[in-house]
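Biologist: I am new to this structure, so please walk me through how to read it.

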Amino acid sequence: MSGAAHARPAMAARAREVAIQAKGFLKEAEGDKLFELALEASRLGPCLEIGSYCGKSGIFLGDACRIAGQNPLFSIDHHRGSAEQQPGQEYFDPNLYDCVENRMTTLADFWRNIGRAGLDSWIIPVAADSSIVSRYWRDTSLGLVFIDGGHGEFDVLSDYGCWANRVLSGGYLCFHDVYPDPARGGQAPYQMIQYARALPEWEYYGLFESLGVLRRR
Ligand SMILES: C[S@@+](CC[C@H](N)C(=O)[O-])C[C@H]1O[C@@H](n2cnc3c(N)ncnc32)[C@H](O)[C@@H]1O
């Protein structure tokens with residue numbers, strides 16, 4: 001049998017180009033790993049991310065959903081920015097600030113990018129607070145959850161509490177910005193994954209750059 005028979009489907013060139021150019025914080029290798037995981041996990045059930053921002057991670061995940069052809073990505077963000085993205089903070093981007101409303105807004109960039117990537121039918125934007133959405137989310141279990149919303153202790157714990165138990169057996173729970181070394185970044189996602197990996201329901205799958213991944217047993 002030829003090697004090509006085993007080749008993993010590749011991301012669409014256009015989607016990849018849009019993802020790489022989109023504003024955001026995800027490294028290319030992390031995006032590729034999300035793509036690989038979602039290709040498998042979206043066959044189990046829909047994928048869901050908390051933290052759409054301008055669509056970078058969503059395009060890697062959403063294009064995998066499109067290729068697998070079964071379930072979409074739900075992408076949750078209130079689009080008002082996290083604490084560290086507000087004026088005066090380390091990750092503030094003045095081009096994403098609405099000077100009329102006096103607040104951050106990433107929805108227009110996100111919407112434009114998923115359209116340019118050809119993923120309007122595969123990425124379902126949910127413009128709301130993650131914990132509010134979870135309160136009304138009923139029976140739909142998920143193939144993959146990617147937590148990249150607020151990075152404070154309370155936010156990460158809340159997102160874990162709201163969404164982790166929706167992951168199906170064999171599905172993935174991913175966290176961005178997992179830094180074992182405190183000198184490299186905030187500790188909330190790292191501490192959360194350390195806690196979760198000690199629980200019997202999770203198997204530690206690995207750390208890829210700063211993308212921490214657990215798999216549900
Ligand atoms: C680090 S950015 C996400 C980056 C994105 N995943 C990427 O690949 O570029 C974090 C995002 O989480 C959103 N966010 C923070 N807290 C949230 C919450 N409680 N509910 C929904 N979105 C939230 C912010 O508005 C911000 O856009």
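**Helices, cores and loops**

Modeller: Let us begin with a pair of helices: H6 passes H7 in a right-handed crossing. This is a predicted model, in which local features need pLDDT of at least 70, side-chain atom pairs count only at pLDDT 80 or more, and totals for chains, interfaces and linings use all residues. Residues are numbered from 1 along each chain as its sequence is written, and side-chain values use heavy atoms, with hydrogens and water left out.

Biologist: At what angle do the axes of H6 and H7 cross?

Modeller: Axes are lines fitted to C-alpha atoms, for helices over the stretch in contact, and angles run from 0 to 180 degrees between N-to-C directions. The axes of H6 and H7 cross at roughly 40 degrees and come within 9 Å. H6 and H7 are therefore oblique to each other; under 35 degrees would be roughly parallel, over 145 roughly antiparallel, 65 to 115 roughly perpendicular, and the rest oblique.

Biologist: Which residues of H6 and H7 meet?

Modeller: Contact means heavy atoms within 4.5 Å. From H6 come Glu153, Val156, Leu157 and Tyr160, and they meet Ala188, Pro189, Gln191, Met192, Tyr195 and Ala196 in H7. That contact of H6 with H7 has eight nonpolar residues, one polar and one charged. In this scheme Ala, Val, Leu, Ile, Met, Phe, Trp, Tyr, Cys and Pro are nonpolar, Asp, Glu, Lys and Arg are charged, and the others, Gly among them, are polar.

Biologist: Are H1 and H3 roughly parallel or roughly antiparallel?

Modeller: The axes of H1 and H3 come within 8 Å and cross at roughly 160 degrees. That makes H1 roughly antiparallel to H3. The crossing of H1 with H3 is left-handed. Ala15, Arg16, Val18, Ala19 and Ile20 in H1 meet Lys56, Ile59, Phe60 and Asp63 in H3, giving six nonpolar, no polar and three charged residues.

Biologist: How many residues has the largest nonpolar core?

Modeller: A nonpolar core is a set of buried Ala, Val, Leu, Ile, Met, Phe, Trp, Tyr and Cys residues joined through side-chain atoms within 4.5 Å. Buried means under 20% relative accessible area, exposed over 50%, and partly exposed in between (1.4 Å probe, protein chains only). The largest core has 29 residues, and Ile59, Leu144, Phe146 and Cys174 have the most contacts inside it. Elements giving two or more residues to this core include helix H2 (28-41), strand E6 (142-147) and strand E7 (167-175). H2 gives the most, with six residues.

Biologist: Which residues does Cys174 touch?

Modeller: Leaving out residues up to four places away in sequence, they include Leu34, Leu37, Leu144, Phe146 and Val213. A second, separate core has 25 residues, among them Leu48, Leu142, Tyr160 and Val167.

Biologist: Where is Glu84 found?

Modeller: Glu84 is in the loop between strand E2 (73-76) and strand E3 (97-98). At 24% relative accessibility, Glu84 counts as partly exposed. Beyond four places in sequence, Glu84 touches Gln89, Glu90, Tyr91, Phe92 and His151.

Methods
Helix = DSSP H or I, 4+ residues; strand = E, 2+ residues; numbered from the N terminus. Left-handed = near helix turned anticlockwise from the far one by under 90°.
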